[in-house]
Amino acid sequence: MKSVFILCLVIATGLAAKVHYDNFQVLRIFPTEERWKQDLERVLGGEFDIWRETKERIDIMVGPKVVKKLTDMLKRRNIDYDVMVEDIQSLIDQERPSAKINIGGGGSDFDYNVYHTYGEIMTWVTDFASANKGLVTEVEVGESTEGRIIKALRIGSQSSNNPGIYFQGGIHAREWISPATMINLARKLVEEYGSDDTATKILDAYDLYIIPTMNVDGYVYTHTNDRMWRKNRKNYGTACTGVDMNRNYPTGFGGKGASSNPCSETYHGPKNISEVEMEAVTTFFLDLVADGQDFHLFIDFHAYGQLWLFPWGYSRTAPIVNDYNDLSNGANAAAAALKSVHGTEYFVGNSARDMYPAGGASEDWGYDKLKAKYSYIIELRDEGRHGFLLPEKFIEPTGDETYAGMKNLFQTLLDDPNPIQKS
Ligand SMILES: [Zn+2]
């Protein structure tokens with residue numbers, strides 16, 4: 001809905017027009033009846049953006065003109081709410097205190113604790129691969145709608161015949177902690193190869209593919225135009241631009257939690273895998289599978305909410321997957337290892353039953369099509385204090401704890417006598 005109402009807020013600054021969010025707020029609402037949500041659009045006229053939704057609560061961003069309309073409505077209906085963010089623009093301004101332009105590549109001058117632009121990340125991928133020859137390879141996976149290259153790192157000590165692991169970052173453009181964490185995971189793993197037992201064994205036994213930022217056009221747009229942009233930048237000739245690529249996967253496509261309205265933040269696109277970015281990444285990995293490489297682990301990294309979720313996500317009435325226990329146990333052990341670093345708590349559960357159904361999402365594709373026994377969606381920090389606008393000072397602790405969780409999960413893989421799906 002957001003793209004309709006922000007048009008009037010665009011302020012021209014030279015050539016680039018940047019959206020400002022002065023006095024925009026995020027309210028956390030605790031609805032007691034499902035029906036209530038249907039009135040949102042009627043009362044607010046589409047002028048809202050749902051940041052996050054679970055069974056019990058909805059985080060919703062609204063502009064200054066409709067805050068009162070919304071709170072009046074909530075009071076009338078006796079619905080509880082908290083103000084999570086008082087002023088979005090001041091959070092945006094605090095997110096990158098340094099606002100450094102860091103052009104450093106994979107060498108010692110690269111700052112791992114700032115949010116980087118698309119161009120900086122692409123340079124880092126190239127430099128990181130060339131600085132770690134024999135262990136890291138740069139791979140071009142495909143091109144975006146606007147012609148940008150989507151890159152992956154392939155990390156592993158063997159040249160062939162190992163099974164695969166696939167980590168994906170940044171499918172939702174505004175979730176900046178996701179690409180930043182992908183970069184930090186790659187760096188830590190490569191640094192510890194040869195000294196840490198699990199890091200060494202996993203890179204000897206697997207090919208790990210990491211796509212730091214998958215939705216490259218959207219990511220650029222969050223830097224140049226609108227920090228709160230979520231979707232890609234494809235326009236199908238309608239008033240609104242962008243497809244939610246995490247509703248564009250084939251498994252459960254068009255189901256609950258996805259919209260057929262191009263102006264919705266969860267617009268699923270005209271058909272499954274309609275998006276060129278989606279076509280590129282899914283073809284790349286399914287071709288590897290067709291060539292005989294089995295994938296044992298897939299994780300799509302998002303923000304925010306501190307959640308570790310597994311299939312099925314498309315429906316609350318979908319059957320329990322055959323590997324439910326191993327998926328659950330693996331995630332619970334990893335979440336405990338993660339927590340041991342800084343005390344950060346994650347909720348582990350089934351996507352649809354324990355949270356909210358989302359048709360056409362990645363973790364279902366990972367299980368259904370990639371055939372990874374361990375297929376997850378992770379929602380990184382935080383729990384809503386900053387939401388998508390997590391300040392840069394949290395990049396390092398998020399990377400440290402997530403790495404601990406990943407190492408625990410790698411050990412689960414290495415210890416699993418049969419890390420392929422039960423049929
Ligand atoms: Zn997301």
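Q: Is Phe-295 buried or exposed?
A: In this predicted model, where local features need pLDDT of at least 70, side-chain atom pairs count only at pLDDT 80 or more, and totals for chains, interfaces and linings use all residues, Phe-295 is buried, with a relative accessible area of 2%. Buried means under 20% relative accessible area, exposed over 50%, and partly exposed in between, with a 1.4 Å probe and protein chains only. Residues are numbered from 1 along each chain as its sequence is written, and side-chain values use heavy atoms, with hydrogens and water left out.

Q: How many aromatic pairs are there?
A: The count comes to 28 aromatic pairs, where rings of Phe, Tyr and Trp (its six-membered ring) pair if their centres lie within 6.5 Å, and planes under 30 degrees apart count as stacked, over 60 as edge-to-face and the rest as tilted.

Q: Why is the pair of Phe-285 and Phe-295 edge-to-face?
A: The ring centres of Phe-285 and Phe-295 are 5.7 Å apart and their planes lie at 85°, so this pair is edge-to-face. Phe-285 also counts as buried, at 0% relative accessibility.

Q: Which residues form one aromatic cluster?
A: One cluster is formed by Tyr-166, Tyr-209, Tyr-249, Phe-284, Phe-285, Phe-295, Phe-298 and Trp-365.

Q: Changing topic, which ring does the charged end of Arg-187 sit over?
A: That charged end sits over the ring of Tyr-112, 4.1 Å from its centre; the rule asks for NZ of Lys or CZ of Arg within 6 Å of the ring centre and within 35 degrees of the ring normal.
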